[in-house]
Amino acid sequence: ERGHIPGPVNIPHDEIPHRLDEIPQDLDIVVSCRSSHRVKTAIEVLTAKGYTVYNFGRLGRWEGEVEKGS
């Protein structure tokens with residue numbers, strides 16, 4: 001609701017288990033959010049499914065524009 005980094009696919013952490021078909025396993029995945037708790041949850045789900053995942057951390061670290069909406 002507050003926005004996301006433009007370009008990447010935006011999947012809320014609680015939808016990840018149901019939308020794995022949208023996340024390519026042959027690419028490295030970078031996760032970010034406004035809360036470190038949601039990043040941790042996303043990383044746990046994705047690594048358990050065999051993805052290579054990197055933690056960008058809090059969205060506040062992003063210095064570029066933020067898109068609003070989904």
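Which residue forms a salt bridge with Glu22? Select Arg19 and Glu22 to find out. Arg19 forms that salt bridge, and the closest N and O atoms are 2.9 Å apart. A salt bridge here is a side-chain nitrogen of Lys or Arg within 4 Å of a carboxyl oxygen of Asp or Glu.

**Before you go on**

This is a predicted model, in which local features need pLDDT of at least 70 and side-chain atom pairs count only at pLDDT 80 or more, while totals for chains, interfaces and linings use all residues. Residues are numbered from 1 along each chain as its sequence is written, and side-chain values use heavy atoms, with hydrogens and water left out.

Colour the chain by pLDDT, the predictor's confidence in each residue, from 0 to 100. The chain has a mean pLDDT of 82, and 77% of its residues reach 70 or more. Where pLDDT is low, the predicted coordinates should not be read in detail.

**Stop 1: the whole chain**

Switch to the cartoon view. You will find one helix and two strands. Both kinds of element are DSSP runs, numbered from the N terminus: helices are H or I with at least four residues, strands are E with at least two. From the N terminus on, the order is β-α-β. Select strand 2 (residues 53-58), which has the lowest mean pLDDT among the elements, 80. Then select helix 1, which has the highest, 88.

Now show the surface. The chain exposes about 5,200 Å², and carbon and sulfur atoms supply 48% of this area. Accessible areas come from the Shrake-Rupley method with a 1.4 Å probe; for residues, only the protein chains shown count as cover. Of the 70 residues in the chain, 24% are buried. Buried means under 20% relative accessible area, exposed means over 50%, and partly exposed lies in between (1.4 Å probe, protein chains only).

**Stop 2: back to the charged residues**

Together, Glu15, Arg19 and Glu22 are linked in a network of salt bridges. The count comes to two salt bridges. Side chains of opposite charge can pair when their charged atoms come close.

**Stop 3: the core**

Hide the surface. Select Ile11, Ile16, Leu20, Ile23, Ile29, Val31, Cys33, Val39, Ala42, Leu46, Tyr51 and Val53. These 12 residues form the largest nonpolar core. Strand 1 and helix 1 (36-48) each supply at least two residues of this core. A nonpolar core is a set of buried Ala, Val, Leu, Ile, Met, Phe, Trp, Tyr and Cys residues joined through side-chain atoms within 4.5 Å.

Zoom in on Ile16. Which residues does Ile16 touch, not counting residues up to four places away in sequence? The answer is Ile11, Ile23, Ala42, Val45 and Leu46. Contact means heavy atoms within 4.5 Å.

**Stop 4: Val45**

Beyond its neighbours within four places in sequence, Val45 is in contact with Ile16 and Pro17. Val45 is partly exposed, at 22% relative accessible area.

**Stop 5: Val30**

Go to strand 1 (residues 29-33) and pick Val30. Is Val30 buried or exposed? Val30 is exposed, because its relative accessible area is 56%. Its C-alpha lies 5.7 Å from that of Val53, 23 residues away in sequence. Setting aside neighbours within four places in sequence, Val30 is in contact with Tyr54 and Phe56.

**Last stop: Glu67**

Select Glu67, in the segment after strand 2. Glu67 is partly exposed, at 35% relative accessibility.
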